[in-house]
Amino acid sequence: MNTASHIPTTPFTPPPQTARLPFPYRAEALALAEARQRLGTGTGEGMDWRRVVAAATPWVEAVRAHPAPFWAMESLLKEYPISSAEGLALMRLAEALLRVPDVETAIALTADQLGRGEFDSGDGSKGLLAGLSASAIALSKKFLPDAESGSGLLGRLGARTVVAATVRALQLLGRQFVLGRSITEAMGEADAQRQAQPGLRYSYDMLGEGARTDADAMRYLRSYQNAIEVIAASPSGGKGPEASDGISIKLSALFPRYEDAQRERVFAELLPRVWTLVERAAPAHLNLTIDAEEVDRLELSLELLDTLAGRIAAVYPLWRGFGLAVQAYQTRALAVVDEVAAIARKHKLRFMLRLVKGAYWDGEAKRAQEQGLPAYPVFTRKPHTDVAYLACVQALLGHRELIYTQFATHNAGTIAAIQLMAQGLGAEPGRHFEMQRLHGMAEGIYREVMKDGHTACRVYAPVGEHRDLLAYLVRRLLENGANSSFVHQLADPQVDPAELLASPLLLAHAGEHAEGLPMPVDLYGAGRRNSTGADLTCLAQRAPLDAAVRGTVVPTVAMATPEQCAAAMAMLQAGFAGWSERPLAERAATIRRVGDLLDARLPEFCGLLVKEAHKTLGDCVAEVREAVDFCRYYADLAEQRLAEQVLPGPTGESNVLRLHGRGVFVCISPWNFPLAIFAGQVVAALVAGNTVAAKPAEQTPAVAQRMVALLHEAGVPADALQLLHGLGETVGAALVADARTAGVCFTGSTQVARLINRTLALKDGPIVPLIAETGGLNAMVVDSTALPEQVVDAVVQSAFRSAGQRCSALRLLCVHEGIADGVIEMLKGAMSELHVGDPAELRCDVGPVIDDEAFAGIGAQVQRLKAEARLLGETPVVSSFPRLIAPVAFELGAISELKQEIFGPVLHVVRWGGDVEAVVREVNALGYGLTFGIQTRIDSRAERLARLARIGNVYVNRNMIGAVVGVQPFGGEGLSGTGPKAGGPHYLYRFCAEQTVTINTAAAGGNAALLAGGS
Ligand SMILES: Cc1cc2nc3c(=O)[nH]c(=O)nc-3n(C[C@H](O)[C@H](O)[C@H](O)COP(=O)(O)OP(=O)(O)OC[C@H]3O[C@@H](n4cnc5c(N)ncnc54)[C@H](O)[C@@H]3O)c2cc1C
């Protein structure tokens, strides 16, 4: 076998970056109209769908009358739909169970998930368990070699337990979708299947995607290289790309940073790897297809195609087997098809193009919502995707001299429509196009379709071990289980064929985007608009941010003198009456205006944040959005919670409760969120009716000054808000000690919070409330059901993003001993892939720490740890940008060895075994309680651990940073702060004084209301 050492040194240089496609966030109706127009069906009448129905109905009826042989997935999903508790449990088991290394945890996981649904009648005689056990054991005898039960988890469990039956059933599920564990085994299986259907070709997919480390990527690369060599040498190769078996590759498997932000590296490192595959596939005239992945890689994938095509044209001009997959659910799908054709024409090549609908729909929808994007980049109604697919069919058949299309669909209606369109245009199966299906799916439909004797069909056939199957398996489960999917409805006899084959052209009339799926901006309902984000992979969205960063000069802000502080406090005290007496609605409207102005000035504030606070662009966008959310959330909250309330009481009396501002609030904020925390404190105090003396961190006064100017611009009067920049020891201390201070809101270190508390306590006069949000020794507990890739993503983001300078950042990773070695290895690999450098560059993952003092302090801690603890990994740093600290991880012997928060990219790791609850108790004993991560697939365990943790923000199976206003109210307990949580429903009360007014209405001469009601 050739190895990856074959990678050539000839570099691929990225062309200047330009947008090849239209703006991804256009109105869905517009994209749909384009698809209709392309199809020539402006009214939906242009295509004779009756002929489609006539062709497809017999297929559907035949499949229902003679289903394909038992397959685990269909049977299980028929009984337990994915939308049911049982279906969900099944999916979660399928995703996790087979990777669990220890028997006890496997049993706990199975009991937890099966306990969630009505799987069992109790006596074990009915329900899934019985069915599952019986069918699994019976079928496994047929499909699984005996050897499998002798070793591994199953062997250790013994054959009689429920868990063993479940493991068996899940192995079967895996077998349904994987053709073989090795390429040789898979090709043997393919040959066996060709005995029954000689027309079948295969495209092998060496399982694996989303490599997190270079070592994994190289492992995948070698398996692809080997597979191509084996195919090329086999009798199923050598017949040209249309008739030979081929290969499908995922670029995310071949390079851990296949991202737009890492464009230079993608060209320099990923492309040479792909080229090694081209060098094997092209001389053998095989079909090599690049799978389609997430939308944010789409533009990049076209650039790669163009660059590779340029070299292919030079080296293998006669090769006609290079291709890629295109997803029709993209609202830009037609433009992609045209662009691919243009690239083929430019390089005088013929491509193969697999047209799919798309497998990441739910993930794309979630991303658009989370990032506050202007629209969805994918269609949101299933018929829209179907119409776009048909429009792409039309376009592709029109480009058939440049593109051989591989129509990948399991939908009988879509298949019939393709055939009719191809006939109409004179396109020939096997010469201009072929059909494709996934192994383990739609076998029945294609059995019927292929009876015509001329349909060319290729099977996409995953190859690999179970551990690489999981992500793929979950996508298949979702596809099989989704109510909207064709295969799901086909399996349901209640769905009438007429309904199953209804024309998408007619269905697509109904509405613009999906009901029940709000636009990202409307995520929080009619009341509060979501803040506007930016897709940094989209040039049109990124350009204004880049320009702002380039154009920003950080102004100098003068420090306040003691006299200025005193004068400001006097002014704010005098201004209190005027501001607090403004109607609540007016104050709320002003703060909403602040939010809207800030929302509109995203680039300007990002520029300032990059330049003054040295944050990465992604962090800056998130920070501005958080500040906007604070404004809108607190404005709404004030109107809901601070309005006058009528209280119940006896007749002849009225009782009301009113809340009003306390007076002058001193708000002291840190440099790590110089906009979001600063703005959050100030607008909360203001909207509650206080006037505010705002003291920003010494390191970041310019952001604060700009924000205060914006607050004034929006209508907050000067005597309600004053900025007082200066040192904590002087300006901060003076403000806290001032007799006029009616409340203090502080975010920063626990030590300073204590100092403030003591200063306040020593003062005569009213007892002044303190809202303090302080640091944390934040831990994440990982058990052996967790998915290592998900853990590593969460750890890298939580521990190292923002150079670890978040109070929520992960400091202590507690990982189960059964998976610790693997997780640590992957973590080390992922850490080596990070880019540490200038935060103004898009590729930067980790920027500098805030100042020289921090740099020296963290550096000294790292040196100490290097002497005292075991170094696990450290990111290499090549940039000479100042104050960079390399992300670093150390192993400790015990949780109790962790003594203090290091406010930088420094992670501690401990291994645990035995009782997971003891781990949480030890974490509690550290005394802090800010954020906590749990990684487990045992839902009841997650729930129990969350309850046990004396910690403010608990995150399960995700990262533990980036709390969203109103979604994850933020703040802790113990040494981590006083509460109430920022961005939560109880926050504003602490800024208020309360008053009840009781009026004896009878006092003025009798209870008229009571008398009027009597007889
Ligand atoms: C050979 C082959 C290779 C494949 N390779 C890839 C690949 O590289 N990349 C990839 O992403 N997928 C790939 N797929 C997966 C493919 O996207 C799904 O199998 C396909 O979407 C199912 O389409 P269908 O026509 O069979 O089913 P249908 O049931 O007709 O369509 C289901 C599809 O509709 C879309 N959909 C569902 N709900 C909505 C909604 N509310 N709004 C808009 N659209 C919606 C989804 O894309 C869903 O997958 C491949 C499939 C095959 C058969």
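**Helix pair**

I started with two helices and found that H4 passes H5 in a right-handed crossing. A reminder to myself: this is a predicted model. I looked up the residues that touch: Ala89, Arg92, Leu93 and Ala96 on the H4 side, and Leu109, Thr110, Gln113 and Leu114 on the H5 side.

Next I checked the geometry. H4 covers residues 85-96 and H5 covers residues 103-114; they pack at an angle of about 165°, and their axes are 9 Å apart. Because of that angle, H4 is roughly antiparallel to H5.

**Sheet**

Then I moved on to a sheet. I read its strand order as E18-E19-E20-E17-E16-E22-E23, which makes an open sheet of 7 strands with mixed pairing. Which strands sit at the edges? I found E18 (870-874) and E23 (953-956), each of which pairs on one side only. On average, neighbouring strands here are turned by 20° against each other, direction ignored.

Val888 has Val906 in E20 as its bridge partner.

**Helices on the sheet**

Last, I looked for helices against these strands. H35 (residues 817-832) lies across E16 (778-782), E17 (810-816), E18, E19 and E20, and runs at about 140° to E17. H38 (residues 939-948) also packs on the sheet, where it touches E22 (931-935) and E23. I noted the direction of H38 as about 160° from that of E22.

Conventions
Residues numbered from 1 in each chain as written. Predicted model: local features only at pLDDT ≥ 70, side-chain atom pairs only at ≥ 80, totals over all residues. Heavy atoms only, no water. Axes fitted to C-alpha atoms, helices over the stretch in contact; angles between N-to-C directions. Helix = DSSP H or I, 4+ residues; strand = E, 2+ residues; numbered from the N terminus. Parallel < 35°, antiparallel > 145°, perpendicular 65-115°, else oblique. Left-handed = near helix turned anticlockwise from the far one by under 90°. Contact = heavy atoms within 4.5 Å. Pairing = 2+ DSSP bridges.
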